[in-house]
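Have a go at each task before reading its solution.

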Amino acid sequence: MKKLNSKVSYKKIILPIAIIVVCFILGLIFPSLVYLFAAAGAYGTALMLGTLGEIITEKSGNMNLGVEGIMYMGGIFGLIAPNMYEMSVGEGNASPFLAIVFAILSAFAIGAFAGLLFSFITVTLRANQNVTGLAMTTFGTGVAKFVGELRRHKVGGYVTVSNDLKAAFDNKFMPDFLKRIPVIGRVLFDQSIFFYLSILLAIAVFLFLTKTKKGLYLRAVGESPVTADAAGINITLYKYLATIIGGGVSAIGGMVYTMTTAGCVWIEASLAGTGWLAVALVIFCSWHPIQATWSSVLFGALMIMYLRIIVPFFPQELYKILPYVVTVIVLVITSTRNIKDKQPPASLGVNYFREDR
Amino acid sequence: MADNVKVPIIKLAKRESMDPKLIWAIRVGSIIFAFIIGMIPLLMAGANPFTSYGIIISGSLSKKLYIQQTVKRAIPLLGCALAIAPCFKMKFWNIGAEGQITMGAIFASAIAIWSGTAIPRPILILLMLIAGVIGGAIWGFIPGFFKAKFNTNETLFTLMMNYIAIGIVRYLQGGPWEGRPGTQIIPMFAKNARLPNLFGIYIGWVIVLIMVVLVHIYMNFTKQGYEVAVIGDSLNTARYAGMNVGWIMMRTMLISGGIAGCVGWMLVSGANGTLNSDVAGGVGFTSITVAWLSQLNCFAMILIASILAIIGKGSGTLQTRLNVPSSVAEIISGVLLFCMLGCEFFINYRMSINFKQMGTNIKYFFSFQWIHKSAKKEAK
Amino acid sequence: MQNNCAIELKDIRKTFGSVVANDGVNLQINKGEILCLLGENGSGKTTLMNMLSGIYQPDSGVILKDGVPISIRSPKDSFAYGIGMIHQHYHLVDVFTAAQNIVLGLDEKLDLAKVNDKVKEICDKYGFDVDPKMKIYDMSVSQKQTIEIVKTLYRGAEILILDEPTAVLTPQETDKLFAVLRNMKDDGKAIILITHKLAEVLDVSDKVAILRKGKYIGTVNTKESTAQSLTDMMVGHAVTLNIDRPLCENKKERLRLENVTVFDNEGVKKLDGVSFDMKTGEILGVAGVAGSGQKELLEAITGLYPIKEGSIKFIDDAGTEKELVGKTPRQIREIGVGMGFVPEDRLGMGLVGSMGMTNNMMLRSWKKGKSIFVNRKSPEELAKNVWKELDVVTPSTAFPVRRMSGGNIQKVLVGREIAASPPVLLTAYAVRGLDINTSYAIYNLLTEQKMNGAAVMYVGEELDVLLELCDRILVLCGGKVSGVVDARRITKEEIGFMMTTVGGKNGR
């Protein structure tokens, strides 16, 4: 029996190690790849949070297609909070730590509100999840643009924060000697605090889903609400909470985007598509939070590849659509596979009515 | 002991039938409710909501020019809502109308650009129409094909196709079709590639009105429309009835994409006179609101598309007059959709509120006995 | 005596809209006792038990435990009062292990190692065989049922309610289950068994409570009753089925299956070398434990299920043979083979729930004619006919069938399928959920079709009906043909045996 177990884990360990070794060698040969992935960490973090949020939501069986709108709102609310805080205490007096906390809290709050709204309409009022998600996208992008514009009128110019705070948000705080490790150093240690927080969150979500009772219950709700209901689990509560927390986490992703990749400036159009990519990534990583980490960074790399790896005679505008083409291919490939443990939560997108059973 | 017997405050029961008048009253009520919610952002922007709604209406309907511009906005919205209606009826969540419009526009523009002035106007316009329909149809067919064959998630697929189509336009704009080098602009088409006007608006409005009737007939009176409706209800039933589900899905996406492509053609040939990456400009998304708010009823779409066009156009005026960001239009259309989705609940379910029990619960809450009880529990 | 009473229901009433599901029900069950709740389909057994398990609340009446009135507001309350219910449809999460399913909803800390130990302990005590680490999707039906029972015992249930537990089991598995139930009874548990199989009632129970159309009829001791007396109480008058079964002369072979084998998505063999024929002027019954391949057989014949190998030939009046394997339902119709099919899943397969009767009638005729437009006139007439002749209760022919009651939905479906007078008529559980009068109406309709020269297949669950309605009976066992027998000569026991052993006596 023990031998069998070790055989399984052997397979499980050897494959990732082989991949890491190959990547390492590739990185040594092509330094531009290292720069690419180091830079992809920032955008990848935003994607990762968006994806993690949606994984939490979808585990409850709610499919919130409004991630795009939620990340938009997170993007602006996460910027406005430090902006207001800085303006109220005066430039130079702002504590970077508090600014970051405010940014996170504010983005989370708006995302949680969106999750609450989504749950109310789909769980309590039992509306179609697909259309509600699309409405959330329209609503969220609308709110974000509106609030951003209002704030712009108020401050008279770009909504942004001081250079000190900008540096604080994008601070790559890991010690230099770690950054100097070949290949790995740049990719893993030359990242902002949000990168590490997101990875910690991914691990936390993974542990929560697999090791805790509440995580087990949440999965049960998403897999088979009838069963969960019969077991006395409060379906409504779990769906609401998961969607609210999921929305909040996704919104933080929007905040991370504005505060790192976009350089703490609100530019409406630049976030477009991120939320949708996050939804696609959930499928790509088959609802697994740990897989969400590396796949987000991979997609982050795809998004900025046109800047880093120049392909001669290939028009840049066509290069830019590469991630979307890859997404399409990924969608097709994932739809053809048939592994029992890699399927979406069985009740995904279907509302549960107790009296219908 | 009797204390412990809790009675639910709200009881739900499925309605077996409902007066149609009441149904419409609920729907209209929910729209009014949405506009009341819509006052919140207006107030936030420091504008008087009633004045603002007044400006929205006067800014879109008070002058002939305004009306023309509003109608111009409504045309693609209505056309595109018609395009996605069969998909949504089939529960195929096509949110790629944006890309299908864009692709139709690209194909139509290709004909206009390559032919120059060589072909007489009616023939050229017709050729552009055909090209546009084909372009949109291809773009719709691809996700339809994969949905039918592998059950690939159509929502994300169609969406990604939007970005790809827009990317292609960006490439054409800055590359092969660029006018003056460095402008990133495709020059205006020659006169013979442009749609004629009727009553000061390009003839597209007549075309979409004809399309309303055609799509209505298609969805309600043809065999294909019946097939779409059956598939939307249950795939197994469709198979049982001998329908070729995969083909019907692909065909519906061809038709849907084709209609969207036709809208793209109208936009380049009529509204804009040229192609740019913003040709669809969010129409593909807003039209989802139009289609759903009208419950996939083609004639109701005329009304809803007009309302959204009025809000869209009027919010532009609102921005210049009162400095209220025009994105308030998106917020209102999102809220409208939320309310419309939510109100179906009240149409399908009867809710009875047990006020007596609610009173008891409130009394209980304010008696603060529960504090002692929970304290006891803790102690245990 | 009072101490011995596990739970008592007094004057329970429950309504759904205008339908009275339970009225004036009084029930008492003692510890260490097996009570059977007997009643026909739709007599309100499940509704009553759902009130004990906290899914519904009674409109009026009291539930007493140890002489004290209790209110069961949720499944959780129900566990707390020591009530455990095993539903007909198992409440298990497929991707979880047995242990994970067992602890679902419990207040204790999640410690799977401990759970495994405790599960083993329970299993040893009552004689179950369970691997707590096995995933549900790898389990057989009876294993899943075992998990359900262990789940309730794990929660310390003193009162177990089992909703038709034997419907999906083979007799061997049933015997095993009953042995376990007797063990539990000896341990002082109170067990309520919902069933409508009289033999089982007489075999295992101590007391029988009978419901008829939602009303409580009475409780009797099993020892003092016979199958006949119970049936009398259940249906109100003695049932001699007396289904009219005229003999049709001049039978001709209409459909011939040879060696048909099918696999499902997961690669499990669902039909294994099935060969038989259907004749005109004959009702061929299909008997078998639930899930023996009935659904797959019907869907394979109608072109809805992919066939791995074998052939299905349709023989028309002129004697020409037409191969049906590899054809879609539409192609089958196009080559001139008319087939009526009443599937088991009415709203999921046979009807469009959101549409009215007229549009549902169209489901068979929509393709007719060259016009691109649908013809609604004749379906409308047909709808009106079915409405009138089968007494369908509906406000109009446009009223969505989803909102009708189960029996009416079935009438619409059967009415449509028979209307076309197809040469081959396949029905799956055509009378499930129908009251007796309607059932007889349907039997007559099927017989009428037979006399008109149709080849009729009747997949049923009640052996009595099969024996009196059909001319021949095909017995399926685990996807294999166990035998085709003459319904006029065979006994119920023989069929029962064939359902569990391929070939029956000869197979041994």
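**Exercise 1. What share of the residues in chain A is buried, and how is the chain built?**

Step 1. Of the 357 residues in chain A, 53% are buried; a residue is buried if 20 or more other C-beta atoms lie within 10 Å of its own, exposed if 12 or fewer, and partly exposed in between, with C-beta atoms placed from the backbone.

A word on the source: this is a predicted model, in which local features need pLDDT of at least 70 and side-chain atom pairs count only at pLDDT 80 or more, while totals for chains, interfaces and linings use all residues. Residues are numbered from 1 along each chain as its sequence is written, and chains are lettered from A and ligands numbered from 1 in the order in which they are written.

Step 2. Chain A has 16 helices and zero strands; helices (H or I, at least four residues) and strands (E, at least two) are DSSP runs, numbered from the N terminus.

Step 3. Along the principal axes, the C-alpha atoms of chain A fill a box of roughly 60 × 55 × 40 Å. The radius of gyration of chain A is 21 Å, which agrees with the value near 21 Å for a compact globule of 357 residues. This radius is taken over C-alpha atoms, and the globule rule is 2.2 Å times the number of residues to the power 0.38.

Step 4. Take the contacts in chain A between residues at least 6 apart in sequence: 81% of them join residues at least 24 apart. Two residues are in contact if their C-beta atoms, placed from the backbone, lie within 7 Å.

**Exercise 2. Describe chain B in the way used for chain A.**

Step 1. Chain B holds 16 helices and four strands.

Step 2. The C-alpha trace of chain B spans about 90 × 60 × 45 Å along its principal axes.

Step 3. Of the 380 residues in chain B, 51% are buried.

Step 4. For contacts in chain B with a separation of 6 or more, residues 24 or more positions apart account for 79%.

**Exercise 3. Which helix gives the largest share of the side of chain A that touches chain B?**

Step 1. Count the partners: 39 residues of chain A are in contact with 41 residues of chain B.

Step 2. At least two residues each on the chain A side come from α5 (129–155), α13 (274–284), α15 (316–320) and α16 (322–336).

Step 3. The largest share, 15 residues, belongs to α5(A).

Step 4. By class, this side of chain A has 23 nonpolar, eleven polar and five charged residues. Ala, Val, Leu, Ile, Met, Phe, Trp, Tyr, Cys and Pro count as nonpolar, Asp, Glu, Lys and Arg as charged, and the others, Gly among them, as polar.

**Exercise 4. Where do Arg126(A) and Trp287(A) lie?**

Step 1. Arg126(A) sits in the loop between α4 (96–124) and α5 of chain A. Its phi is positive, about 60 degrees, although Arg126(A) is not a glycine.

Step 2. Arg126(A) counts as partly exposed because it has 19 C-beta neighbours inside 10 Å.

Step 3. Trp287(A) is found in the loop between α13 and α14 (289–308) of chain A, with a positive phi near 60 degrees.

Step 4. With 22 other C-beta atoms within 10 Å, Trp287(A) is buried.

**Exercise 5. How many residues of helix α1 of chain C are buried?**

Step 1. Eight of the eight residues of α1(C), residues 45–52, are buried, so the helix is largely enclosed by the rest of the structure.

Step 2. Among them are Lys45(C), Asn50(C) and Leu52(C).

Step 3. After α1(C) comes Gly54(C), with a positive phi near 85 degrees.
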